[in-house]
Amino acid sequence: MKIKSVQKLKEIANLIRQDIIQMLTKAGSGHSAGSLGMADIFTVLYFNILNHAPEQPNNPARDRLVLSNGHICPVLYSALARAGYFPLVKLKSLRKLNSPLQGHPHNIELAGVETSSGPLGQGISQAVGMALAAKMDKRNYQIFCITSDGEHNEGQLWEALMLANKYKLNNLIVVVDRNNIQIDGYTKDIMPLKSLRNKYQSFGFTVLEVNGHNLRSLINTFNKAKGINTPVAIIANTVPGKGVKFMENDFTWHGKAPDKKQAKQALEELKNAS
Amino acid sequence: MLVKNWDKLSELEKKSTRQGFGDAILSLGKNKNVVVVSADLAESLKIDKFAKKYPTRFIECGVAEQNAMGVAAGLALSGKIPFLASFAAFSPGRNWDQLRVSVCYSEANVKIASSHAGLAVGADGATHQALEDIAIVRCLPNITVLAPADYISMQQAVKAAVKIKGPVYLRFARQDGPVIYTANTRFMVGKANVLLKGTDVTIVACGPIIYEALLAAKQLARKKIKAEIIDCHTIKPLDNKTILSSIRKTKHLVTLEDHQVHGGLGSAIVEMLSQRYPVKTKIMGVEDKFGESGKAEELYNKYKLSHSHIVQSVLKLLK
């Protein structure tokens, strides 16, 4: 499934944002800001970039998307449902008893979820393992690992980057959601990251930087990344809460769901924008 | 099963369980899905030969056990059968969260091969003597826990682990110890081995320390006490049947492990028996203390885990 029309992709991203608001409101808890902020990137990945087939979720040749910062799973679930992995109606069950849509992703019961994630820093190592397996099997699929800037506090992440460089994993593309917030505040206050570009470069990565809401630029950046012969980090500058004015750039929305009134306002804004 | 001359220590071949791991993994190398993930302890884990023979299936992660566990999970989720080789103090000691989520929760087919378990590590001291690993691993869902007693059973455990689809923890040790099993012994995961039959007391142990239990049985026999010695190499799933049938006969239980008394083999057995068939029990292990530097036999003496201490425990229990 490759949608080339930017207008069409924009519409999908908007629907995903509406899904996120509805899911989180119904669940009564969850992570709004990061999920909304990554809607454009997930749209571009699932509807243009990834080589995947929802009807064959275990096809060994598929590209892998590993969500390392598992807490933004509402955007993953919505993208998977809209891509055809499971019926949209299932989205309503987010965080409910007996639902395959767990509060943080679980790979066993939900097609399209490559692994379980939640504790930060773990997805990146698994993505590196998958990239190594692809090399061993001489397969050409690519591994896209989504991480957040706050996640870069975790030492494990840097351990994984060192290994990716050591084994020259040019099939690994790390996407950094640079939204400048984490649960307790702004990243500059909680743990200053200084230059992520310099850090990644010194770890042997080729670094690309992109506006995480410009769909055309995202498509071009991902396509460029695929052709680079080193591990790649795409630093995606995003606005947390993007699309819902009262949430944008406010760290207090990192780990919070809108109530019904706020959801109404958010959905109106999104519908007007579509 | 048990070698005939088991009680003649000087006649027995001495080999370590870690050598058993290294030799088994080398022979498993012909399985193209088997991968070894190392954290800078290849020589200690005896996997250097595998590394030389199968360089493309040997991933050296450096001293980074958390990442190594995740990498192993990623390999497993891509169809490989990775063995993560390190010391038990670091793996699962340092990467338990990764074991819990990346491996057990995701049902990733990772084999966690951890050497240098127990006081018997010796001179390196407390930091490197993993005494809590059984406790922190067996509480996790979806994982099989194995702690073989000697070189032969270790090799067989490694081969059995490959056939299990899912996480397996293999606990083994640094020190050379007597080879007590005959080469043709059949090792079955989940099936404890009755090494000596007895009627008065059941002694269940795991790992190389079981040789102390065998020596104790020999001493007890002189006092007309017949001890049944069970090698409980599989701590999870526990072989309830073999343990219960022995306990119903002897009514007395001593458990022995080179591990804390909290949460290990003894705890696992007592959790089961307390609900099925409670009996008088002594759990022998390290009594809520850290270890220290010393020779293995010195440490077993100081921490009251040698055969003479087992004899004393049995006599006290039977009083």
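A crossover is right-handed if, with the strands pointing away from the viewer, the path from the first strand over the helix to the second runs clockwise. Helices (H or I, at least four residues) and strands (E, at least two) are DSSP runs, numbered from the N terminus. The model is predicted: local features need pLDDT of at least 70, side-chain atom pairs count only at pLDDT 80 or more, and totals for chains, interfaces and linings use all residues. Residues are numbered from 1 along each chain as its sequence is written, and chains are lettered from A in the order in which they are written.

**Exercise 1.** Determine which strands of chain B pair with β4(B).

Solution. Step 1: two strands pair if DSSP finds at least two bridges between them. Step 2: β2(B) (residues 34-38) runs parallel to β4(B), joined by 5 bridges, and Val36(B) lies opposite Phe83(B). Step 3: β5(B) (residues 111-115) is also parallel to β4(B), through 5 bridges; here Leu84(B) faces Ile112(B).

**Exercise 2.** State which β-α-β unit contains β4(B), and give its handedness.

Solution. Step 1: the unit consists of β4(B), helix α4(B) (residues 96-105) and β5(B). Step 2: this unit is right-handed.

**Exercise 3.** Describe the contact between chains A and B.

Solution. Step 1: residues are in contact if their C-beta atoms, placed from the backbone, lie within 7 Å. Step 2: 23 residues of chain A contact 25 residues of chain B. Step 3: α5(A) (122-136) and α6(A) (155-166) each supply at least two residues of chain A's side, and α5(A) gives the most, with 10 residues.

Key: Contact = placed C-beta atoms within 7 Å.
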